Amino acid sequence: MPRLVLLSEGLTGRTYDLRAEKSTVGRVEDNTIQIPDGSVSSHHCEILLRGSEVVIKDFNSTNGSFINGERITESVLKPGQILRLGMVEMRLESGEPAGAAGKKKLDHTIVIPQGVKLNELEGPRTSSFEGKSGFEKKGDQVGKWFLIAAIVVFVVLLAALGMILGGGCKQ
């Protein structure tokens, strides 16, 4: 019995036996095979068993269906080939023992990481600050001028108050 083995990170090791002649694959629960990943459409594709062939039929999904990297609308998936739905990859296995089909059985499942890692984005850093890290203390010129202005205003107010009080006592 053929089966799909999920290879994508976070879903690794999940297998789905293909028992029915027709199975639907998608993100929502009403599919025969539910794959909870945002890159998989609600109703992504259909898997048809036609004799010994496994046929994949895309339902015009947003992110597409691919066999070994080639976008398909309807195509035969052969054992050992990689089916990608959106960003989720899976491999078709025949389900037969290694000697029965005369093919070499794969030793292990390979985890295929998704997305881009932060260290892959970093390139050579260039800086126009000539050795400054951006965290040095800045000069406080505005604060100094504010303090001088506040002292001048305070002195003027004291002088004005002195004149008012001093002038108000003479009669």
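Author: Let us begin with R50, which counts as partly exposed because its relative accessibility is 44%. Buried means under 20% relative accessible area, exposed means over 50%, and partly exposed lies in between, with a 1.4 Å probe and protein chains only. This is a predicted model, in which local features need pLDDT of at least 70, side-chain atom pairs count only at pLDDT 80 or more, and totals for chains, interfaces and linings use all residues. Residues are numbered from 1 along each chain as its sequence is written, and side-chain values use heavy atoms, with hydrogens and water left out.

Reader: With which residue does R50 form a salt bridge?

Author: Side chains of opposite charge can pair when their charged atoms come close. A salt bridge is a side-chain nitrogen of Lys or Arg within 4 Å of a carboxyl oxygen of Asp or Glu. The partner of R50 is E74, and the closest N and O atoms are 3.5 Å apart. Because R50 lies in strand β5 (residues 45-50) and E74 in strand β9, the pair ties together parts that are 24 residues apart in sequence. E74 is partly exposed, with a relative accessible area of 41%.

Reader: How many helices and strands does the chain have?

Author: Helices (H or I, at least four residues) and strands (E, at least two) are DSSP runs, numbered from the N terminus. The chain has three helices and eleven strands. Along the sequence the pattern is β-β-β-β-β-β-β-β-β-β-β-α-α-α.

Reader: What is the phi of N60, and where does this residue lie?

Author: Most residues other than glycine have a negative phi. N60 has a positive phi, near 55°. N60 lies in the loop between β6 and β7 (65-67), and N60 counts as exposed because its relative accessibility is 71%. N68 also has a positive phi, near 50°, and is placed in the loop between β7 and β8 (70-72).

Reader: Which residues make the nonpolar surface patch?

Author: Patches are made of residues with over 30% relative accessible area and no salt bridge: like charges are joined within 9 Å, and nonpolar side chains (Val, Leu, Ile, Met, Phe, Trp, Tyr) within 5 Å. Accessible areas come from the Shrake-Rupley method with a 1.4 Å probe, and for residues only the protein chains shown count as cover. Here L147, I151, F154, V155, L158, L161 and L165 make a nonpolar patch of about 700 Å². L165 lies in helix α3 (residues 141-169), and L165 is exposed because its relative accessible area is 54%.
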